[in-house]
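Biologist: Please take me through this model, one point at a time.

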Amino acid sequence: MYHQENIQLVNDWGNFMKYFMLVNNKATSPIYLDGVLHESFNEDKYDEGMSYNWNRPFIEQMEFPKELWLITRSKIQFDYYENFFGHIISEKFLSSMDQVNVLQDYVIANLHVVSTKGKPKVKDSFCFIKCIKRHALVDYDKSEYLTREVPSNAKLKVDGSFVDKYIRLVLKDTDLDLFQLNDLKLGRYLFCSEKFKSLCEKGNLKGIQFMDLELVPNYLQSIV
């Protein structure tokens with residue numbers, strides 16, 4: 001007989017609970033997305049800075065544009081791309097979200113993907129989303145990490161000790177299939193269940209790498 005601590009929960013797909021971090025797949029999407037995100041378009045916008053209140057890592061509930069323009073010189077051949085403190089997603093990705101449990105607040109804008117001359121670069125519909133609510137799902141008791149002291153920051157509402165380097169990452173069980181974490185080291189990324197991963201793979205969504213949690217610490221170190 002197994003000790004209770006060794007029993008893993010099983011989800012409704014018959015799989016052991018397993019989670020993945022979504023990262024840009026460098027094999028099928030740009031390593032660097034050459035572009036800017038703006039609330040309107042003209043041919044000078046590509047050279048302008050993105051000084052918008054919503055263009056920050058962490059935002060609270062706020063008025064969000066209904067339309068945005070991604071002005072880019074890159075080829076857009078993906079369904080998902082993490083950038084601009086948010087997530088560029090295709091209609092196929094959004095459809096997958098609608099089929100799973102996504103119990104968190106997010107803001108969304110229709111995204112016009114155009115060249116620097118304003119010509120459409122994609123045939124499919126795209127959106128830009130930013131998460132408002134992040135979830136306390138990192139199991140710090142079971143994870144291994146190094147901490148660092150950070151100064152108080154009223155704008156981000158943080159202060160104290162925070163994770164500087166993960167050695168082992170463990171998440172708590174949740175019925176959410178797609179979520180973001182309220183951890184400064186991990187807060188930019190989406191995480192998902194096997195159910196959501198399977199939906200994306202079935203739909204042949206491009207540009208997404210579903211990273212096993214055991215690979216996340218080395219990945220974070222590689223992009224420092």
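Modeller: A salt bridge is a side-chain nitrogen of Lys or Arg within 4 Å of a carboxyl oxygen of Asp or Glu. The model is predicted: local features need pLDDT of at least 70, side-chain atom pairs count only at pLDDT 80 or more, and totals for chains, interfaces and linings use all residues. Residues are numbered from 1 along each chain as its sequence is written, and side-chain values use heavy atoms, with hydrogens and water left out.

Biologist: Which residue meets Arg 188 in a salt bridge?

Modeller: Arg 188 lies in the loop between strand S10 (178-179) and strand S11 (191-193), and its partner lies in strand S4, so the pair ties together parts that are 106 residues apart in sequence. Strands here are DSSP runs (E, at least two residues) and helices likewise (H or I, at least four), numbered from the N terminus. The N to O distance is 3.0 Å, and the partner is Glu 82.

Biologist: Is Glu 82 buried or exposed?

Modeller: Buried means under 20% relative accessible area, exposed over 50%, and partly exposed in between (1.4 Å probe, protein chains only). Arg 188 has 46% and counts as partly exposed. With a relative accessible area of 10%, Glu 82 is buried.

Biologist: How many residues apart in sequence are the parts tied together by Asp 212 and Lys 18?

Modeller: Their side chains meet in a salt bridge at 3.7 Å, N to O. Asp 212 lies in strand S12 (residues 208-212) and Lys 18 in the segment before strand S1 (19-24), so the separation is 194 residues.

Biologist: Which strands stand at the edges of the open sheet of 6 strands?

Modeller: Strands pair if DSSP finds at least two bridges between them. The order is S2-S3-S6-S7-S5-S4, with mixed pairing. Two strands have a single partner each, so one side of each is left without a neighbour in the sheet: S2 (35-38) and S4 (80-83).

Biologist: In S6, what is the bridge partner of Glu 67?

Modeller: Strand S3 (residues 67-72) and strand S6 (residues 106-114) pair in the parallel sense over 5 bridges. Within S6, the partner of Glu 67 is Asn 110.

Biologist: Within what arc do the buried residues of H1 fall?

Modeller: In H1, Phe 93, Leu 94, Ser 96 and Met 97 are buried. Seen down the helix axis, they line one face, because their arc (of the directions from the axis to the C-beta atoms) is 155 degrees.
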